[in-house]
Amino acid sequence: MLFRDASRFIITDEEFEKFCKAHSGNNCFVAEPNNIMKSSYLILDEYMRFLNKGVGSPTPSILEVGVKEALKDVYWDQKSFCDRGGIYEWSKIAGDHSQIAGELDW
C-alpha cells in the first residue's frame, strides 16, 4: 500500500486563524477548519477508492463495486456534510443560499 505522508503540510490552528483573518475580506473566501472538513467530505483517490482520512484503508474502487457498496466501507459524517451545506441544488437561482434537506440520491 502506498503511504501518503502529508506531515510537512500540517499547520497549527493559530496559523489557520491567522490565514483566515488575512483573507477574510475576499468575497469568495470560505474558511473550513479541520474539525469540519476531516470527515464531512468524500474523497476519491486516483484508483476511484474512497479515502478514510486516517481511520482505515481505502474502500474498494467504485469502478469495481459501485458507489453504494463502497460507501459501506468509508467513514463519512453525513450530519457534518449537511451542516456545512454540502448538498447543492444546481438548478437554484444564483444568490439563493437556502439549505436543501433530504436524502442523497446515488
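Visitor: Which residues does M48 touch, leaving out those up to four places away in sequence?
Guide: M48 touches P60, S61, I62 and L63. Keep in mind that this is a predicted model.

Visitor: How far is M48 from L63, C-alpha to C-alpha?
Guide: The two C-alpha atoms are 6.8 Å apart in space. In sequence, M48 and L63 are 15 residues apart.

Visitor: Where is M48 found?
Guide: M48 is in the loop between helix 2 and helix 3.

Visitor: What about the phi of M48, positive or negative?
Guide: Positive, about 65 degrees, although M48 is not a glycine. Most residues other than glycine have a negative phi.

Visitor: And how does M48 count for accessibility?
Guide: M48 counts as partly exposed, because its relative accessibility is 29% and the partly exposed class runs between under 20% for buried and over 50% for exposed.

Visitor: Next, L51. Where does L51 lie?
Guide: L51 also sits in the loop between helix 2 and helix 3, and helix 3 covers 62–65.

Visitor: Which residues is L51 in contact with, beyond four places in sequence?
Guide: L51 is in contact with I43, D45, P58 and V74. V74 is 23 residues from L51 along the chain. Their C-alpha atoms are separated by 7.1 Å.

Visitor: D45 is on that list. What does D45 pair with in a salt bridge?
Guide: D45 forms a salt bridge with R49. The closest N and O atoms are 2.6 Å apart. Side chains of opposite charge can pair when their charged atoms come close.

Visitor: Is D45 buried or exposed?
Guide: D45 is buried, with a relative accessible area of 7%.

Visitor: Take K72 and E69. How accessible is K72?
Guide: K72 is exposed, with a relative accessible area of 62%. E69 is partly exposed, at 37%.

Visitor: Where do D83 and K79 lie?
Guide: Both lie in helix 5, residues 78–83. They are four residues apart, about one turn of the helix.

Visitor: Are D83 and K79 buried or exposed?
Guide: Both are exposed.

Visitor: Now A70. Where does A70 lie?
Guide: A70 lies in helix 4, residues 67–71.

Visitor: Why does A70 count as buried?
Guide: Because its relative accessible area is 0%, and buried means under 20%.

Visitor: What does A70 touch, outside four places in sequence?
Guide: A70 touches F50, T59, P60, I62 and V65. The C-alpha atoms of A70 and P60 are separated by 6.0 Å. Along the chain, those two are 10 residues apart. P60 is also among the residues that M48 touches.

Visitor: What about S39, buried or exposed?
Guide: S39 is buried, with a relative accessible area of 14%. The place of S39 is in helix 2, residues 34–40.

Visitor: Switching to the surface. Which residues form the negative patch?
Guide: D13, E14, E15 and E17 form a negative surface patch. E15 is in helix 1, residues 13–23. At 43% relative accessibility, E15 counts as partly exposed.

Visitor: Zoom out. How many helices and strands does the protein have?
Guide: Five helices and zero strands. Read along the sequence, the pattern is α-α-α-α-α.

Visitor: What share of the residues is buried?
Guide: Buried residues make up 20% of the 106 residues.

Visitor: And what is the accessible surface of the protein?
Guide: About 8,700 Å². Carbon and sulfur atoms hold 55% of that surface.

Visitor: Last one. What share of contacts with a separation of 6 or more comes from residues 24 or more positions apart?
Guide: Such residues account for 33% of those contacts.

Key. Residues are numbered from 1 along each chain as its sequence is written. This is a predicted model: local features need pLDDT of at least 70, side-chain atom pairs count only at pLDDT 80 or more; totals for chains, interfaces and linings use all residues. Side-chain values use heavy atoms; hydrogens and water are left out. Patches are made of residues with over 30% relative accessible area and no salt bridge: like charges are joined within 9 Å, nonpolar side chains (Val, Leu, Ile, Met, Phe, Trp, Tyr) within 5 Å. Accessible areas come from the Shrake-Rupley method with a 1.4 Å probe; for residues, only the protein chains shown count as cover. A salt bridge is a side-chain nitrogen of Lys or Arg within 4 Å of a carboxyl oxygen of Asp or Glu. Lys and Arg count as positive and Asp and Glu as negative; His and the chain ends are not counted. The place of a charge is taken as NZ of Lys, CZ of Arg, CG of Asp or CD of Glu. Helices (H or I, at least four residues) and strands (E, at least two) are DSSP runs, numbered from the N terminus. Buried means under 20% relative accessible area, exposed over 50%, partly exposed in between (1.4 Å probe, protein chains only). Contact means heavy atoms within 4.5 Å.
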